[in-house]
Amino acid sequence: MSRSAARRRRAVRASTADLRREGFLPGRAIVRRNGNWTLQATLQRHGLGPVAGVDEAGRGACAGPLVVAACVLRPADAKRLAGLTDSKLLTPAVRDEFYDLIVQRAEQYSVIVIPPDEVDRRGVHVANVEGMRRAVAHLETPPGYVLTDGFPVRGFGTPTLAVQKGDQVAACVAAASVLAKVTRDRLMVELDAQYPQYRFAEHKGYCTPVHDAMLAEHGPSPVHRYSFVNVRAAMVGVARSAVGAEGDLVDNGSLPELMPAMMSDAGPGGGLRS
């Protein structure tokens, strides 16, 4: 570094210090480490609360809804919620315990359920982002700051920060992930009762080998996401297996209720139009 550059840097530092002493700039933030409550506590201490965490469940599933939650935790509940972390790292039993505790203790929270047809129509990412905005908008009191998990989201009407591995780093994001995950898992168990042949209660709509096998055998259901490649492929496979040797449709008892819609989307060669 040249001498002139060094002099300019010292001058800037001195000027900044003068402005801070005169009250024109805020003091430096002092971060007191407190596990995954550190970020929320720091923002609260500097008047930027209440702090809302936002997260989703079901983004990668090919069946069932996308669920998004927003949650504001009480600053004094760090001990009561000790052990709270990313919902995927918790056992189902522990998740359920935290869910009940969060519903009981949270300052405020909201949960948004986005049905599969909306996910198909808007795309997973757009539906997810819009769900986050809706979840924050449904909070009773607008938050002073919003923390999101992983990627930045605009449109909250308040300052926001994307936190890498936010559901492990920020307790309010972890709480939102638990609310979203438990809500969605319970919805998938309900769907399992409606469509037992797909075993939704077991895999929760994610693309497991068991789920792929059920798709291949039965074709997709009305609660599958038809924008997903594997679902579209299964739909085509069932349609082709129902075509007789002469090209006429033969009811083999395995066609889903939405077969007419499937065939209306079929191109001249029997495949789906993209």
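Which helix does Lys181 lie in?

1. Lys181 lies in helix 7, residues 171-194. Helices here are DSSP runs of H or I with at least four residues, strands are runs of E with at least two, and both are numbered from the N terminus. The model is predicted: local features need pLDDT of at least 70, side-chain atom pairs count only at pLDDT 80 or more, and totals for chains, interfaces and linings use all residues. Residues are numbered from 1 along each chain as its sequence is written, and side-chain values use heavy atoms, with hydrogens and water left out.

2. Lys181 is buried, at a relative accessible area of 15%. The term buried means under 20% relative accessible area, against over 50% for exposed and partly exposed in between, with a 1.4 Å probe and protein chains only. Apart from neighbours within four places in sequence, Lys181 is in contact (heavy atoms within 4.5 Å) with Ala57, Ser87 and Arg95. Leu66 is 115 residues from Lys181 along the chain, yet their C-alpha atoms are separated by 9.7 Å.

3. For the protein as a whole, there are 11 helices and 5 strands. Of the 274 residues, 43% are buried. Among contacts with a separation of 6 or more, 59% join residues 24 or more positions apart.

4. The axes of helix 9 (residues 209-218) and helix 10 (residues 229-241) come within 8 Å and cross at roughly 30°. Helix 9 is therefore roughly parallel to helix 10. Axes are lines fitted to C-alpha atoms, for helices over the stretch in contact, with angles from 0 to 180 degrees between N-to-C directions; under 35 degrees counts as roughly parallel, over 145 as roughly antiparallel, 65 to 115 as roughly perpendicular and the rest as oblique.

5. On the helix 9 side, Asp212, Leu215 and His218 meet Asn230, Val231, Ala234 and Val238 of helix 10. The residues of this contact divide into 4 nonpolar, 2 polar and 1 charged. Nonpolar covers Ala, Val, Leu, Ile, Met, Phe, Trp, Tyr, Cys and Pro; charged covers Asp, Glu, Lys and Arg; the others, Gly among them, are polar.

6. A search of the whole structure finds 1 aromatic pair. Tyr198 and Phe200 form this pair, which is stacked, with 5.5 Å centre to centre and 15° between the planes. Rings of Phe, Tyr and Trp (its six-membered ring) pair if their centres lie within 6.5 Å; planes under 30 degrees apart are stacked, over 60 edge-to-face and the rest tilted. Tyr198 is buried at 2% relative accessible area, and Phe200 is buried at 0%.
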